Amino acid sequence: MGKGRARKIRLVSGLILFAFVTTHFLNHSLGNISLEVMEAGRHLFIRVWRSVPGTILLYLALVLHMVMSLWALWQRRSLRMSVAEGLQLALALCIPFLVPVHILATRGLHEFFGVHDSYLFEILSVWVFQPQNGWLLAAAVLVVWGHGCIGLHQWLRLKEWYGRALPWLFTAAILLPAFALSGFAGVGKQIAVWARDKAWMGEALASFEFSHPAAVLQAFVYDTADWIYLGVAVVLALIFLGRLARKLWARRGARIVITYPDGQEASVEPGLSVLDASRLLGIAHASICGGRGRCSTCRVRIAEGAEICRRRARMN
Ligand code: FES
């Protein structure tokens, strides 16, 4: 698959996931009002995202975004990149290790065991029963949001209107996760007080409609999450080992010589973008689009060998 098409699929699927995450955090934010309002918001939220079209859209976007991101990691010839790109990649690599338990303990338990995974259930679980998971969830909020915001910024920064909208968008990008976390924590503190009352706790547990012992549910969540972690670790290891093997192999083949305007020369293997070549060799190179051929700083003149270049040179 061409880089341009893969990038478009990654962008569209990323936008769908960003819409999901934004509505999810807006829902958490309602906890700043009360648990009841939060639960009412959840009814609306699951009506959209747990409908058949919503479910297909969400999980298709999730799978496509992951596959295209791994494909991009494989295709990228150099891991030298801007700070923003590096941070986006680092956050992306954390997501598969932070989010699975949350998904399995909510939608997973609902779909496979019929658990009523209300906010009361989720917050009681992570605030009272397993507070260590609360920290992981807070980290997941920040990591997922940070990754999405950097991706949006990278996409929009060349748009003419973006500079004017940036202060407003930046403010929203800071406030939304802050409200989401404070909504969650505020309700969590309240629930921790209610949970001291045995009668209240009995009613709360009954409302979750457990049909299996807690040990079975926990085994489902944590054993499945362990398999996901293992699968992700193996896939990442294979990609990085494959990249290393490709790099060693490429050293044996043909080279392309790039001559810079100041006379510096770089000899690189075929397949690298000009930006990649500059970064690999430590040559300063202005870049706005990340080497995608949009901002023109990678413009080249082919001094020799034009006759052996392939005709198609568009990147996207
Ligand atoms: S970085 Fe944009 S064209 Fe090279």
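These legends describe close-up views of a predicted model.

**View 1. Helix α5 against helix α10.** Helix α5 covers residues 100–113 and helix α10 covers residues 214–250; they pack at an angle of about 130°, and their axes are 10 Å apart. This angle makes α5 oblique to α10. The crossing in which α5 passes α10 is right-handed. On the α5 side, the residues that meet α10 are P100, V101, L104, A105, G108, L109, F112 and F113. Their counterparts in α10 are V216, L217, F220, V221, Y222, T224, A225, I228 and Y229. Sorted by class, this contact of α5 with α10 holds 15 nonpolar and two polar residues, and no charged ones.

**View 2. The largest nonpolar core.** This core has 27 residues, and the members that touch the most others are L109, L124, I191 and W200. At least two residues of the core come from each of α2 (35–49), α5, α6 (119–129), α8 (162–194), α9 (198–207) and α10. Helix α6 gives the largest share, six residues.

View 3. When neighbours within four places in sequence are left aside, L124 is in contact with Y119, F129, I191, A195, W200, M201, A204 and F208. Two of these partners, I191 and W200, are named with L124 among the residues touching the most other members of the largest nonpolar core. Another core, of 15 residues, lies apart from the largest one. Its members include I16, L17, W145 and L176.

**View 4. Helix α2 against helix α6.** Helices α2 and α6 pack with their axes 10 Å apart, at an angle of about 120°. At this angle, α2 is oblique to α6. From α2, the residues L35, M38, E39 and R42 meet Y119, L120 and I123 of α6. The contact of α2 with α6 is made up of five nonpolar and two charged residues, with no polar ones.

**View 5. Helix α1 against helix α8.** Helix α1, residues 3–29, packs on α8 at an angle of about 45°, with the two axes 7 Å apart. The two helices, α1 and α8, are therefore oblique to each other. Here α1 passes α8 in a left-handed crossing. T22, F25, L26, H28 and S29 are the α1 residues that meet L176, F179, A180, G183 and F184 in α8. By class, the contact of α1 with α8 comprises six nonpolar and four polar residues, and no charged ones.

Technical notes: Residues numbered from 1 in each chain as written. Predicted model: local features only at pLDDT ≥ 70, side-chain atom pairs only at ≥ 80, totals over all residues. Heavy atoms only, no water. Axes fitted to C-alpha atoms, helices over the stretch in contact; angles between N-to-C directions. Helix = DSSP H or I, 4+ residues; strand = E, 2+ residues; numbered from the N terminus. Parallel < 35°, antiparallel > 145°, perpendicular 65-115°, else oblique. Left-handed = near helix turned anticlockwise from the far one by under 90°. Contact = heavy atoms within 4.5 Å. Nonpolar A, V, L, I, M, F, W, Y, C, P; charged D, E, K, R; others polar. Core = buried A, V, L, I, M, F, W, Y, C linked by side-chain atoms within 4.5 Å. Buried < 20%, exposed > 50% of the residue type's maximum accessible area, 1.4 Å probe, protein only.
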